[in-house]
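Here are some notes for your review.

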Amino acid sequence: MIPYGRHSINDDDIAAVVAALKSDWLTTGPLVEKFELELEKVVGAPCITVTSGTAALHCAYAAIGLEPGDEVITPPITFIATQATAALFGAKIVFADVQPDTANVDPMAVEAAITPQTKAIVAVDFAGHPTDLDELRAIADKHKVFLIEDAAHAIGSTYKNRPVGSIADITTFSFFPTKNMTTGEGGAVASIYPELLEKAKRFSRQGLVRNKDEFIITSEGRWHQEVHEFGLNYRLPDVLCALGISQLSRLHTFKSRRREIFQKYQKALSGLCGVTLPAERDYVSSNWHLYPIQVPAEKRESIFNDLVANGIGVQVNYIPAYWHPVFKKLGHKRGEFPISDDFYAREISLPMWVGVDKLSDDYFDLLRTILVDQRELK
Ligand SMILES: Cc1ncc(COP(=O)(O)O)c(C=O)c1O
């Protein structure tokens with residue numbers, strides 16, 4: 001079975017991890033800062049590392065001081081972590097529908113969803129393709145709300161020649177194995193505002209204040225540290241930072257391989273009746289994390305099953321978040337966001353990972369056959 005996503009680990013990665021294991025620091029050591037500085041060079045803004053993309057989102061919401069009663073605008077086509085971490089602060093999740101070509105949030109829908117309670121717009125770069133950041137930035141500035149970018153899929157992508165990470169107020173990344181680079185589990189928060197990043201960092205490190213100038217308790221000795229607001233432990237260990245540094249040094253190679261595979265798919269699958277291929281807007285360069293195609297809704301399940309039966313690992317990304325029972329309980333009903341619903345009904349993600357382009361012409365022939373008329377294979 002060809003998986004739909006997979007990590008790429010080489011001997012350098014293994015050597016880096018082994019060296020970290022043999023060092024004095026398994027966690028809270030020098031490789032953490034080193035990885036963060038290397039990340040900054042790639043994403044164009046200072047970063048902190050955390051234990052997952054979910055943790056990164058949780059820290060981002062902590063940094064903006066999200067509270068009960070605040071509203072956060074998000075697209076339905078995303079992994080539930082985008083919403084769950086905001087809901088845990090008591091925020092109300094407000095959905096805005098997506099654009100049909102990219103499945104990224106539609107700025108017009110965002111503008112329509114703004115209320116006096118809106119605290120943040122949270123865009124998701126679906127499949128690696130950056131969102132319409134200039135339009136969202138204008139809306140965020142006009143209404144004085146934060147712009148957060150969930151770039152779990154998009155490290156290494158660029159928008160108008162600017163790296164993802166350097167544009168939104170806060171950008172979050174995931175280093176899960178299927179993503180564009182990996183640390184096993186891991187993530188990062190980037191921010192163009194040092195004070196927001198500092199808040200995210202403090203939240204990720206138990207809320208501990210170590211700077212003596214900020215102490216409220218002044219009677220204690222050199223050992224003292226204190227907590228002003230609660231935080232959690234989301235520290236990424238040195239062992240995983242070692243893997244991250246090594247992976248990051250190959251991110252540009254990963255990106256060219258992913259873009260090559262994207263082009264191969266585009267060429268092999270173009271012109272198939274009823275099949276819509278992903279499109280890249282001319283002002284972005286996507287580090288394609290997924291290769292999402294759309295097929296006729298009534299055939300989606302049988303095509304999916306045929307692909308799996310023929311050893312092609314596929315996935316559907318994503319069930320619209322507001323369909324989850326947790327949102328049903330809050331009064332949401334299917335049909336509220338028709339573009340997201342239609343995208344979901346027709347979506348299948350084909351295998352997309354660095355090694356997948358070793359696949360032969362036979363692979364593309366098989367794909368074409370299944371997509372053209374899956375019944376022939378039954
Ligand atoms: C859009 C999006 N946001 C957030 C996450 C959460 O990342 P992690 O799995 O690293 O917690 C994911 C992971 O799949 C994701 O796809």
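1. **Asn161.** This is a predicted model, so please read each point below with that in mind. Asn161 is found in the loop between β6 (158–159) and β7 (162–163). Its phi is positive, about 65°, although Asn161 is not a glycine. Asn161 is exposed, with a relative accessible area of 76%. The cut-off for exposed is over 50%.

2. **Ala127.** Here is another non-glycine residue with a positive phi, again about 65°. Ala127 sits in the loop between β4 (118–124) and α6 (133–143). Is Ala127 buried or exposed? Ala127 is buried, at a relative accessible area of 1%. For context, most residues other than glycine have a negative phi.

3. **Helix α7 and what follows.** In α7 (residues 194–204), the buried residues are Leu196, Leu197, Ala200, Phe203 and Ser204. They span an arc of only 125° around the axis, so they lie on the same side of α7. An α-helix has 3.6 residues a turn, so residues three or four places apart point the same way. The cover over the buried residues of α7 includes the strands β1 (47–50), β5 (146–150), β8 (170–174) and β9 (187–191), as well as helix α3 (53–63). Just after α7, Gln206 takes a positive phi of about 65°.

4. **Packing of α2 and α8.** Two packed helices are described by the angle between their axes and the distance between the axes. Helix α2 (residues 30–43) packs with helix α8 (residues 238–248) at about 30°, and their axes are 8 Å apart. Angles under 35 degrees count as roughly parallel, and α2 and α8 are therefore roughly parallel to each other. The crossing of α2 past α8 is left-handed.

5. **The α2–α8 contact.** Which residues meet here? From α2 come Pro30, Leu31, Val32, Lys34, Phe35, Glu38, Leu39 and Val42. From α8 come Asp238, Cys241, Ala242, Gly244, Ile245 and Leu248. By class, the contact has ten nonpolar, one polar and three charged residues.

6. **The loop between α10 and α11.** Gln315 is in the loop between α10 (297–309) and α11 (325–328). At 30% relative accessibility, Gln315 counts as partly exposed. Leaving aside neighbours within four places in sequence, Gln315 contacts Tyr4, Phe304, Glu347, Ile348 and Ser349. Gln315 and Pro292 are 23 residues apart in sequence, with their C-alpha atoms 9.1 Å apart in space.

7. **A cis peptide bond.** Tyr318 also lies in the loop between α10 and α11. The peptide bond from Asn317 to Tyr318 is cis, with omega near -5°. Most peptide bonds are trans.

Technical notes. Residues numbered from 1 in each chain as written. Predicted model: local features only at pLDDT ≥ 70, side-chain atom pairs only at ≥ 80, totals over all residues. Heavy atoms only, no water. Axes fitted to C-alpha atoms, helices over the stretch in contact; angles between N-to-C directions. Helix = DSSP H or I, 4+ residues; strand = E, 2+ residues; numbered from the N terminus. Parallel < 35°, antiparallel > 145°, perpendicular 65-115°, else oblique. Left-handed = near helix turned anticlockwise from the far one by under 90°. Contact = heavy atoms within 4.5 Å. Nonpolar A, V, L, I, M, F, W, Y, C, P; charged D, E, K, R; others polar. Buried < 20%, exposed > 50% of the residue type's maximum accessible area, 1.4 Å probe, protein only. Arc of directions from axis to C-beta.
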